[in-house]
Amino acid sequence: MTMGLSQYFLLVILFCSNNWVLSDDKTCAARDVGTDGSSMVCVCNSTYCDTVTREAPKVGAYVIYTSSKSGKRFEKSFGTIQSYSSVFEAESEQCDVDDGTTMYGNSKDGSGEDSDDDQSCKETFWNSASMSLQVENRQQYVEGFGGSITDAVAYNWYKLSEEMRSQLISTYFGEDGLGYSMIRIPIGGSDFSDRPYTYNDYPLNDETLFNFTLAEEDTKMKIPMIKAIQKVSKKEIKIIASTWSPPVWMKTNEKFYGYAQLKQQYYQSYADYHLRFIEEYEKRDIKIWAVTTTNRPTNGIMPEKNINSLGWYPADLGRWLAINLGPTIRRSRFNKTLIFAVDDERHLLDWYLHGMQRADKNVMKYIDGIAVHYYSSSSSPSLILDQLKQKYKKLILGTQACEGATGWDSTRIKIGSWDRAARYIQNIIEDLNHHSVGWMDFNLCLDVNGGPNWAKNYVDAPILVYHDKNEFVKQPMFYAMGHFTRLIPKGSQRIVMATQSITEIHNVAFVSPEGNILMVLYNSKTVSVKVHIRINSKRYIEVTIEAEAIKTIEINPNESVICKQESSVAYSVDTACAIDYYLGNVQINFMMSTLTNAGLFLNLILLGLVAFTRSDQPCAARDLGIEGRSIVCVCNSTYCDTISRDPPAPNTFVAYTSSRAGKRFEKETGRVLTFSSYNDAAKYDTEKDFTKHRVNQGQEKQNNDDGQFWTRATLVLDQNVRFQTIEGFGGSVTDAAAYNWIKLSDETKEFFIRSYYGEEGLEYNLIRTPIGGADFSTHPYTYNEYPWNDAALTNFTFTNEDIFLKIPMIKHIQRTSKQEVKLMASTWSPPVWMKTNERITGFAQLKPEYFQSYADYHIKFMELYEQAEIEIWALTTTNEPINGIVPFVTFNSIGWFPAELGRWVGQNLGPTLRSSRFNKTLIFAVDDQRYLLHLYLLGMEAADRDSIKYTDGIAVHYYGNFAPPLLLDDLHTRYNKVIIATEACEGPMPWDIMRVKIGSWERAYRYTKNIMEDLNHYVAGWIDWNLCLDEKGGPNWANNFVDAPILVYPERDEFIKQPMFYAMGHFSKFIPRGSRRISSTYPFLDLGRIPNIAFITPGGNIVVVLQNTNTFNMDVRINIDALRHVQVTVESESIKTIEINPRLFK
């Protein structure tokens, strides 16, 4: 029998409507262990192993994963979000338990005896639960989950066949496994080794660690296992390392175990021991994300077991961390490595932290987090974690857990134990509900005895390995872990889930980075429990949790059918739903009818519910009274305007407008609209055809509007056509910028930094800074000016400009920003003794004998700033190399002909950088005008092909933009390098009569035009020149004054934000790092075009920037897809940024 197209279409509808999902999961190969009270285990061998994949829930639906004592393992089921028929229904219950009439045995009819209905109601009451999500009540972000690779783990893995080793790695770290993202490893040996050892056992008293060498356990087992994990995992694997015991000659008892502390003369050696370990693993391309301050420090002062240990009293640990380990790590190239303190039981944490802080008040600045173990959790309250979070404001991470480890565990291995899985589940939920950012199991796998373990300290593990059968079994603990690790990704944020019933289900809930709701529910009862989960005042789901079962539920809450739009009534919407979108989970306990058009919005406005925004401070406008100029906004020590980004609710948008007329980030909101009927789409074979139909339909309407087509435009977006990924936006910290900033009061300095880098400001995330002096300095200078001809750069030191100006400003920015701020550095001129003319300016090239010294000059600069804990993300190959060849300028420069630059990059700078510890630092070539890029890159490539190999990106300047932007497209095609615009300012050209033009809208217009043009032609970031200057456009020792977005008036302790500032903000504020440019085009016959650019953000929102240069308003329809669009008016001479949340429909 054959099927027609309509029948296929019907099948598709049936599949979609019932949420059927085809899964390639392999089911558990169950083995009944035959022990009372136990569950089964799942067997894996060289040909078969069960898997689990995440099924992304459809919009308005959810996916459930269930594991249970009865034998379910990640069993999937599917459902659809339900809606209450009224707000009152959300408050009602099937049984009237609120008044107590059935709760305590009193019958409803007053007889004193339970009727059948009463008895049923009681059973429902005790076997049901009600919960409410509080999506607006957000807590910590999740860092990840994982387990430990001890010697025992790696040994058991290594003894398996190659196929089985691959199975074990995939089952923990693969896409169809648990998706672990963290590993903990011992630094040296632990009890889970077949012998006690460290990395520097001999010679004795070797305080310089001359013989520090990794063991065979590392090189033959642990490192190969880690490398196999890194190869399989699709995500970054973060590794945390802990020392069990240092070399015994460092310890007071000179034994691996027992009562012992660190000898004071080896405090620094023990800090260096950690650093050497990090270095050795780095050589094997393994990065250590964090270290702990020593595993279980109480083991060496209360030695209950004879296992590798080192005892620390709190005061001693505090002094060692503050004086030795902390400074050693922070001054090293591994200064981003985190330090987690204590690494012991919950009840011991505050005892240690309080004592450490009393011993040395500086200790807390070196502590990034607190590491907690599992074993005493049942006897110490979880509120301890809340108190720690409030008191110390550090990350909390569970770093070790296992079953069978305590003295009362008569059975070390309990194969198939569901009780052990239950304890894991309850502890993970408890820790996560009390601010833990992650949870790490102990051994990933052990043998059937719970080892090997040289101290015979055997324990249980989620996976047990049977070498004689070349197989392993997954215990219930494995699946307990998976209900968290597989479905709660890094970056998820915990939300509060309130229980509103007597029956309590263990629970924890999160919002994932993509906006889905994730819940883990555990029923410890021996009967099933029906759970009602209220998402908000209009929506809920109901699930039944089997006896002794765990469920993970992923909900995609942005359902189109919940808040219905009737096609016959334009813009109608259920008011209660609209309130939910804006309030999250605020409970509205009254009913509102469906309102339409103006009535709806009038009521919402009266309620104060339209587009809830944070309280932005408006511009303190100053009108200069000059014809043709716009306003400026004034900031001082007590006031500065702010702008917050208001995330649009599903199916809505938020728009921000700045204009010549004086608007500055003025907000408006609106809804995503749909075309007249979805049925129109069925008439066309493809979305492209339907889009063409809608465009033509719109064009016909415009053509019939008697001349209105000039003021209307239709912008068509295609999210499937994607281009470059955005790196960011920023400005330059020159000596002049820092000099002006430092002269302000502390309060005004703070407002300044927040205006650029704060959450209430432009949210810049890039900085460019000169290496040495530039023309925007008070005098010409370089590093290492003397002694003359010092090729070894023996006198390369900080200048006053670094110490008192640039570094304080950069550090303030780093403290303020909530995101990573990447720093790019460029040299204007090397020491004059390296140059052919031996002058700071003029026609000059680098003397050939100093090619290597000039490469070293850049390394020395990075080393210098590393001491100040400032990492250099990228270098450019020299600022504007044309300036020393065609010396029209009279400021700091060094000239490069293309061939010489190619040879220097290919033979000096590139190899020097890549062989240094800064080998991740990027190199951006040319750093000059658009029209010069091809000339330089082709010449460099011809002179030394390796120069292009070492080039990570291309740096372009703003000033020569008479050259067509298609040159950038060709560079992208030819070299496929990142392109960053690294310098821009207004007022530098000879024809610029006014260097500073306060309030100029034309200059903001040119900024906007150039940013759009660059971004539309593969530029991935845009960096402005000076963050601020004085009212003359300086200081500048060469009198090369220019304009800046912010001008500083130190005598009045104020600064003003010019239109250029707001032009920059329309991009930097709303286009976050990681956004991708998408296609945005006008129909062929659309005459009302205005400049535009569009992106899709990492969170899935669409950001469109429009610039109207006309002296009349433009009505713009933005087609998101074939079915949806938004309508905006772009005022004359204005910039409008629109952020659209398209998630209601797919």
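Is Ser1134 buried or exposed, and at what relative accessibility? At 1% relative accessibility, Ser1134 counts as buried, where buried means under 20% relative accessible area, exposed over 50%, and partly exposed in between, with a 1.4 Å probe and protein chains only.

Before going on, some housekeeping. This is a predicted model, in which local features need pLDDT of at least 70 and side-chain atom pairs count only at pLDDT 80 or more, while totals for chains, interfaces and linings use all residues. Residues are numbered from 1 along each chain as its sequence is written, and side-chain values use heavy atoms, with hydrogens and water left out.

Back to Ser1134. This serine sits in strand 46, residues 1134–1141. Helices (H or I, at least four residues) and strands (E, at least two) are DSSP runs, numbered from the N terminus. Neighbours within four places in sequence aside, Ser1134 is in contact with Thr657, Ser658, Ser659, Trp1001, Leu1106, Gln1107 and Asn1108. Contact here means heavy atoms within 4.5 Å.

Pro881 is another buried residue, also at 1% relative accessibility. Pro881 lies in the loop between strand 33 (874–876) and helix 19. Asp928 is 47 residues away from Pro881 in sequence, yet the C-alpha to C-alpha separation is 6.9 Å.

Next, the barrel. Strands 7-8-9-10-11-12-13-14 form a closed barrel of 8 strands with parallel pairing. On average, neighbouring strands of this sheet are turned by 25° against each other, direction ignored. Two strands pair if DSSP finds at least two bridges between them. Strand 11 (residues 338–345) pairs with strand 12 in the parallel sense over 5 bridges, and Val342 has Ala371 in strand 12 as its bridge partner. Strand 12 (residues 369–373) is in turn joined to strand 13 by 5 bridges, again parallel, with His373 partnered by Gln400. Of the 6 residues in strand 13 (residues 395–400), 5 are buried.

Helix 3 (residues 151–158) has 6 of its 8 residues buried, namely Asp151, Ala152, Val153, Ala154, Asn156 and Trp157. The elements that cover them include strand 7 (144–148) and strand 14 (436–443), along with helix 4 (162–173) and helix 5 (216–232).

Now two helix pairs. Two packed helices are described by the angle between their axes and the distance between the axes. Axes are lines fitted to C-alpha atoms, for helices over the stretch in contact, and angles run from 0 to 180 degrees between N-to-C directions.

Which way do helix 18 and helix 19 lie to each other? The axes of helix 18 (residues 851–867) and helix 19 (residues 898–914) come within 9 Å and cross at roughly 45°. The two are therefore oblique; angles under 35 degrees count as roughly parallel, over 145 as roughly antiparallel, 65 to 115 as roughly perpendicular and the rest as oblique. Their crossing is right-handed. A crossing is left-handed if the near helix is turned anticlockwise from the far one by less than a right angle, and right-handed if clockwise. Among the residues that meet are Phe851 and Met862 in helix 18, and Trp904 and Leu913 in helix 19.

Helix 20 (residues 933–943) and helix 22 (residues 966–975) pack at about 20°, axes 11 Å apart, and are therefore roughly parallel. This crossing is left-handed.
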